[in-house]
Amino acid sequence: MTLDALTDPAGYAFVQQQQGWIGNGVTDRFEPPTILDRFTRSAEWLSDRLAPDGVAFASFTFDAGSDGSAIAIPEQLVRVDGPGSNGRAELVNGVNKVRYAGASVSEVDWMEAVATATAQIREGRYDKVVLARDLQVWADDVLDPIGLAEKLAARFPSCMTFVHEGFVGATPELLVRRIGNRVESVVLAGTTTPDDAAGRALLASEKDREEHGYAKESARAALAPLCDDLEVDADPWLLRLDNLQHLATRLTGTLREPTHVLELVGALHPTAAVGGTPREVAVPLIGSLEGMDRARYAGPVGVVRGNGDGTFGIALRCAQLTARRARLFAGCGIVAGSLPEAELEETRLKLNTMQQALGARTN
Ligand SMILES: C=C(O[C@@H]1C=C(C(=O)O)C=C[C@H]1O)C(=O)O
């Protein structure tokens, strides 16, 4: 299996299309301060610790003010290149009975938060905000991040499957990749079920195109000042996964000056795919509207090279595992035309990604 080399349950992985990195054990670890320039501080910390071809694993909280971000230089680093053997098949298929055990916010309270947001949007206070909710899981046995990641990587090969100290997920959304002076980002916003008819309806939906447009514009505005020739897809296309599909826009450019991947992360995060528009109005409202701390959900997660290259996804379709418990997360973009019950359903579809991997009921 792709993640064969991952043996440390508190370890690290970042793999896409059977390519990527695995880390076991920790040589050096940094908890970035809870301040706005945490990405710059992280790049500084790495600069005298990582060889140019070295790799560190990073996961940041959504909110700069929340504890829990961590960068680790692993003791053992393994390059993943191909499918691997079948060594962990028995673990992947292990049965661990899991149960729902509540949420930070009830479904009805969450729908009310969506209604509050749409009212504020219609009043003209802002254009879009992304609201998320969580789901708690309680299991008979300690939850296995490695087996969970293995399942996700097998079902969602095109996604970035990540493991970071018990935080596990498979995200379809590329926040940024830097290779030399080339930069790439894929913005997602707008979601439906994976069938053809639903895809056509999504492409034609004015509400979803509006929601997508804010996210695309936020990434464009962050990258344009740093790039010479930023190319942005003129129209969104469908990114189809096994259980969902999204409207997607790819941005590619050439850096004007050498810019560390963590500086690019700092410029982009949070895009309006997980934050809101205008960012300075909508993002500060998220905490009180949602009534929970997102922790590392919707934050940047990825790998950094010592030469400043790296790849970061936005941590979506994920769970924080703590022994026999897990916290699952999902959110969706709210615009003027959003309906609370439809948004709740969308979070259910997204939560199902992890519920199915955990072996929980599919709702
Ligand atoms: C917020 C999430 O997903 C984001 C929101 C989307 C939407 O609102 O349609 C689609 C993809 C992601 O950018 C999530 O999966 O939790």
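**View 1. The lining of the second largest cavity holds six nonpolar, two polar and one charged residue.** Here Ala, Val, Leu, Ile, Met, Phe, Trp, Tyr, Cys and Pro count as nonpolar, Asp, Glu, Lys and Arg as charged, and the others, Gly among them, as polar. Look for Phe156, Cys159, Asn243, Arg317 and Thr353 among the lining residues. This cavity has a volume of about 40 Å³. A cavity is a set of points on a 1 Å grid over the protein atoms alone where a 1.4 Å probe fits but cannot get out, and lining residues have an atom within 4 Å of a point. A volume is the space filled by probe spheres set on the points, which are joined across faces, edges and corners.

This is a predicted model: local features need pLDDT of at least 70, side-chain atom pairs count only at pLDDT 80 or more, and totals for chains, interfaces and linings use all residues. Residues are numbered from 1 along each chain as its sequence is written, and side-chain values use heavy atoms, with hydrogens and water left out.

**View 2. The largest cavity has a volume of about 180 Å³.** Of its 20 lining residues, Ala273, Leu316, Arg317, Gly331 and Lys350 lie nearest its centre. The lining comprises nine nonpolar, five polar and six charged residues.

**View 3. Strand S15 (residues 300-305) has five of its six residues buried.** Strands are DSSP E runs of at least two residues, numbered from the N terminus; buried means under 20% relative accessible area (1.4 Å probe, protein chains only). S15 pairs antiparallel with S3 (residues 55-59) over five bridges, where pairing requires at least two DSSP bridges. Serine 59 sits opposite valine 301.

Terms used:
Buried < 20%, exposed > 50% of the residue type's maximum accessible area, 1.4 Å probe, protein only. Helix = DSSP H or I, 4+ residues; strand = E, 2+ residues; numbered from the N terminus. 1 Å grid on protein atoms, 1.4 Å probe; cavity = no way out; pocket = protein on both sides within 12 Å on 5 of 7 lines; lining within 4 Å.
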